[in-house]
Amino acid sequence: MAFKKYRIIPSIITIAVLLVIIYLFVTVKQPYIECSKKTTDDLGIIVLEDLVAELGNNKISKMSLTKKIILPDKYLNDDKYLEEIREKLVDSYAYLDQDVVRVSKGLDYVIVEIEVETDETLILNNISFVDEDGLKIKINPNTKSSEVITLKIKDKYTEGEAMTRMKKGGYTCK
């Protein structure tokens, strides 16, 4: 009888330790970076980019990107500019699954929201505008260009490396 009593105490301690370990694994957050950039060009067009990238085992495991393009009043007289920008953005992200990209427009803006977890590539800082007989959007799709930042799921980065790369591209990171 005394032998069973001594076996119960180690079992209880083992179960308690396992519960603490499971709790710690469940509550541990993956490291992530949050970066943003705001640019205003000569035409008065504002482009806001916000990126949240989760890192697991020093690799990008998930990315959430929001790009918002705000037009000044002089381009809001005709809804065609917002619609053309929206269509161009839809076309430029056609390489991604349709369920991870949402493009919408408001009264003075177009917004793109992207969330990727699979083996996908995102290009940042790749939008510019020219006014040649009307407003035209230019999207740089070149992933090798030094003017853009390209991030891919499974790219190897520590938090510090990822933040340094983004800061070199003019982004502010937390």
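Strands E1 (32–40), E2 (46–56), E6 (121–124), E9 (149–152) and E10 (172–173) are among the elements that cover the buried residues of helix H3. The model is predicted. Its side chains form 9 salt bridges, and several of these are set out below by the parts of the chain they join.

- Helix H3 spans residues 159–168, and its buried residues are Ala162, Met163 and Met166. These residues lie on the same side of H3, because they cover an arc of only 95° around the axis.

**Salt bridge between Glu34 and Lys174**

- Glu34 and Lys174 form a salt bridge in which the closest N and O atoms are 3.9 Å apart. Glu34 belongs to strand E1 and Lys174 to the segment after E10, so the pair ties together parts that are 140 residues apart in sequence.
- Glu34 counts as partly exposed, at 26% relative accessibility, whereas Lys174 is exposed, with a relative accessible area of 68%.
- Strand E1, where Glu34 lies, is also one of the strands that cover the buried residues of H3.

**Salt bridge between Glu117 and Lys62**

- Glu117 pairs with Lys62 in a salt bridge, with 3.8 Å between the closest N and O atoms. Glu117 sits in the loop between strand E5 (109–116) and E6, and Lys62 sits in strand E3 (residues 59–70), so the pair ties together parts that are 55 residues apart in sequence.
- The relative accessible area of Glu117 is 56%, which makes this residue exposed. Lys62 has 25% relative accessibility and counts as partly exposed.

**Salt bridge between Arg102 and Glu113**

- Arg102 and Glu113 meet through their side chains in a salt bridge of 3.9 Å, N to O. Arg102 is in strand E4 (residues 101–105) and Glu113 in strand E5; the pair links distant parts of the chain, 11 residues apart.
- Both residues count as partly exposed: Arg102 has 39% relative accessibility, and Glu113 has 29%.

**Salt-bridge network**

- Asp79, Glu83, Arg86 and Lys105 are joined in a network of salt bridges.
- In general, side chains of opposite charge can pair when their charged atoms come close.

Conventions. Residues numbered from 1 in each chain as written. Predicted model: local features only at pLDDT ≥ 70, side-chain atom pairs only at ≥ 80, totals over all residues. Heavy atoms only, no water. Buried < 20%, exposed > 50% of the residue type's maximum accessible area, 1.4 Å probe, protein only. Helix = DSSP H or I, 4+ residues; strand = E, 2+ residues; numbered from the N terminus. Arc of directions from axis to C-beta. Contact = heavy atoms within 4.5 Å. Salt bridge = Lys/Arg side-chain N within 4 Å of Asp/Glu carboxyl O.
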